[in-house]
Amino acid sequence: MQEPIDLGKCNICVHVFQLNEEGPSAENLEEENEELVAANHWILPAVDFHGLWESLIYDCEIKSNLLDYVTTTLLFSDKNVDSNLIAWNRVVLLHGPPGTGKTSLCKALAQKLSIRLASRYRYGQLIEINSHSLFSKWFSESGKLVTKMFQKIQELIDDKDALVFVLIDEVESLTAARSACRAGTEPSDAIRVVNAVLTQIDQIKRYPNVVILTTSNITEKIDLAFVDRADIKQYIGPPSPSAIFNIYISCIEELMRCQIIYPRQQLLTLRDLEMIGYVENNVSKLSLLLNDISRKSVGLSGRVLRKLPFLAHALFIQSPSVTIEKFLEALSLAVNKQFEERNTLKKSI
């Protein structure tokens, strides 16, 4: 059980910030008189990511661990720790099945740190590399495109007032294992790309104002040299029943705020249910029902779970407002339908 916090013994830090409303801009590279959209570029904190950090729900201390990692990275840089004696590469690798929020967590982390470190850096920059566009249709050009992309990133890093985050989604597409390439199952161009990525990471890791965030759905396909460069290799798995319960609670709270679920009713937390021994009464009945739905939802990704309240309304309610009892009935039906569709798809394949 969590102990109460004595605020009199705490240092309260308030961060005041203004959101950038411009949205992403495209970073283009020229190739054989053609323009490729090689990356999306945000100035942080951005309105696109406002509230994203709070919406991501995990069971363990994944978010706080990532914040602590970057804090230590900056501390070691400030203290001029010799990186030849103690190695760190400013690379984070989040891996796990699709739909678990890896990319969203990277973007939310960049936003959170841009706000927290505003006294040190005037603003943040987030560069989301479009990995697939960097593979040239012209043989042997892909490695050059990777180098060009990182040259643009280098220009951003040179601005000491900026904290730069480089996001490489589905990093396996840029860092395919060279053993597969040599075995002939991957084109030799892929070897050039891997070598270019590793070279560029090694060059920019000495700068104190850059963090490289990467995600992967298929870690066995990533080159081991890249995996070794990742300081943190964090698995992001499907949500547990307790995480699912909290995701549903946040969705229901939002629908209550918009008065789609009306009238507003207070749901008990899992801790409240545990304290009363999961005994059913008039106060706990709806929360226990939601807990049952959460357990039934195990196996669904966070991406799917966030869609289910919409699908529950669209498929089984279709009215401007609904009571929470009716909504939970519809949510349960939507969960059943999701698993039915999944089984049907498996059989067709």
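I began with Trp 88, which is buried, with a relative accessible area of 14%; here buried means under 20% relative accessible area, exposed over 50% and partly exposed in between, with a 1.4 Å probe and protein chains only. Before going on I noted that this is a predicted model, in which local features need pLDDT of at least 70, side-chain atom pairs count only at pLDDT 80 or more, and totals for chains, interfaces and linings use all residues. Residues are numbered from 1 along each chain as its sequence is written, and side-chain values use heavy atoms, with hydrogens and water left out.

**Aromatic pairs**

I looked up the aromatic pairs next, and the count comes to 2; rings of Phe, Tyr and Trp (its six-membered ring) pair if their centres lie within 6.5 Å, and planes under 30 degrees apart count as stacked, over 60 as edge-to-face and the rest as tilted. Trp 88 pairs with Phe 76, their ring centres being 5.5 Å apart and their planes at 85°, so this pair is edge-to-face. Phe 76 lies in helix H2 (residues 62-78) and Trp 88 in the loop between H2 and strand S3 (91-95), so the pair ties together parts that are 12 residues apart in sequence. Helices (H or I, at least four residues) and strands (E, at least two) are DSSP runs, numbered from the N terminus. Phe 76 is partly exposed, at a relative accessible area of 26%. For Trp 42 and Phe 49 I found ring centres 5.1 Å apart and planes at 55°, so that pair is tilted, and both residues are buried.

**Helix packing**

Which helix packs with H10 at an angle of about 10°? I found that helix H10 (residues 285-296) packs at this angle with helix H12 (residues 324-348), their axes lying 10 Å apart. Axes are lines fitted to C-alpha atoms, for helices over the stretch in contact, and angles run from 0 to 180 degrees between N-to-C directions. The angle makes H10 roughly parallel to H12, a label for angles under 35 degrees, while over 145 counts as roughly antiparallel, 65 to 115 as roughly perpendicular and the rest as oblique. Among the residues that meet are Leu 286 and Ile 293 in H10, and Leu 328 and Phe 339 in H12; contact means heavy atoms within 4.5 Å.

I then turned to helix H8 (residues 241-257) and helix H11 (residues 302-316), which pack at an angle of about 40° with their axes 10 Å apart. Their contact is made by residues including Ile 244, Tyr 248 and Cys 251 of H8 and Leu 305, Arg 306 and Pro 309 of H11.

**Two loop residues**

I checked Arg 122, which is found in the loop between helix H3 (102-116) and strand S4 (123-129) and is exposed, with a relative accessible area of 60%. Its C-alpha atom and that of Ser 83, 39 residues apart along the chain, are separated by 26 Å. Ile 276 is found in the loop between helix H9 (270-275) and H10, and at 36% relative accessibility Ile 276 counts as partly exposed. Leaving aside residues up to four places away in sequence, Ile 276 touches Leu 268 and Ser 284.

**The whole protein**
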